[in-house]
Amino acid sequence: MKLVRSALILAALAAATLTACGQSETADAVVPLEIGQGTSCALDGMLLADYPGPKAQIHYAGQAEPDFFCDTVEMFHLYLKPEQVRAVRGLFVQDMGKADWEQPRDHWIDAKSAFYVHGSKRHGSMGPTIASFALEQDAAKFAAEYGGKVYRFADVTPDMVVLDGGALHDSHM
């Protein structure tokens, strides 16, 4: 009887510990925030709502608000070649299989699980961009229509996201 009671107490403690762990993970879960009319790019101050193409956001540890980017190329550039190493809690991009290219809103997805099209004819806020998609078939369809090649997050390299001359492609500036 004593052995059974000890086993029950241990089981209850284990369940309570697992429940507490699950609650702290949920409380710490990072969710994407939607952009507003005044949301600006962390790199250049451009207003995200004024430009076409996929947007991105990086959530850093110890920072309440994410850094927003008016283009996925900027997000990749900063993530792959950071000037400062900061703990990243979450990366989000927009699913261009669902979002309107000209005025993208909502449809945020985890950047690390997304599919990307590099080298297409479609331009974002800074000229040539990397289109982001939740589904591989949407990325393939986009690449067939606009050109480019489909990549996974881990296959995007620093030489694909060089920030030299985006302003040369921007007719809004």
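D71 lies in the loop that links strand 2 (67-69) to helix 2 (72-80), where helices (H or I, at least four residues) and strands (E, at least two) are DSSP runs numbered from the N terminus. The model is a predicted one, in which local features need pLDDT of at least 70 and side-chain atom pairs count only at pLDDT 80 or more, while totals for chains, interfaces and linings use all residues. Residues are numbered from 1 along each chain as its sequence is written, and side-chain values use heavy atoms, with hydrogens and water left out.

What surrounds D71, if residues up to four places away in sequence are not counted? D71 touches P54, A56, G124, S125, M126 and T129, a contact being heavy atoms within 4.5 Å. With one of these residues, T129, the side chain of D71 makes a polar contact, side chain to side chain, at 2.7 Å. A polar contact here is a pair of N or O atoms within 3.5 Å; within protein, one must be able to donate a hydrogen and the other to accept it, and residues adjacent in sequence count only if both atoms are side-chain atoms. D71 is buried yet has no salt bridge, and the nearest side chain of opposite charge, that of K55, is 6.8 Å away. Buried means under 20% relative accessible area, exposed means over 50%, and partly exposed lies in between (1.4 Å probe, protein chains only). For charges, Lys and Arg count as positive and Asp and Glu as negative, whereas His and the chain ends are not counted; a salt bridge is a side-chain nitrogen of Lys or Arg within 4 Å of a carboxyl oxygen of Asp or Glu.

The protein has four helices and seven strands, and from the N terminus on its elements run α-β-β-α-β-β-β-β-α-β-α. Of its 173 residues, 38% count as buried. Among the contacts with a separation of 6 or more, 63% are between residues 24 or more positions apart.

Four of the strands form an open sheet with the order 2-1-3-4 and antiparallel pairing, where two strands pair if DSSP finds at least two bridges between them. Its edge strands are strand 2 and strand 4 (108-110), each of which pairs on one side only. Neighbouring strands of this sheet are turned by 25° against each other on average, direction ignored; axes are lines fitted to C-alpha atoms, for helices over the stretch in contact, and angles run from 0 to 180 degrees between N-to-C directions. Strand 1 and strand 3 run antiparallel and are joined by five bridges, with Y60 standing opposite V88 in strand 3. Strand 3 (residues 88-94) is in turn joined to strand 4 by three bridges, again antiparallel, and the bridge partner of F92 in strand 4 is D110. Five of the seven residues of strand 3 are buried, so strand 3 is largely enclosed by the rest of the structure.

The side chain of D67 makes a polar contact with the side chain of R86 at 3.2 Å. Leaving aside neighbours within four places in sequence, D67 is in contact with A42, A56, Q57, I58, Y60 and R86.

Another open sheet has three strands in the order 6-5-7, with antiparallel pairing. Strand 6 (127-133) and strand 7 (149-152) are its edges, each pairing on one side only, and neighbouring strands of this sheet are turned by 40° against each other on average, direction ignored. Six bridges join strand 5 (residues 115-124) to strand 6, the two running antiparallel, and F115 stands opposite F133 in strand 6.

Which helices lie across strand 5 and strand 6? Helix 2 lies across both, running at about 85° to strand 6. Helix 3 (residues 136-146) lies across strand 5, strand 6 and strand 7, running at about 35° to strand 5.
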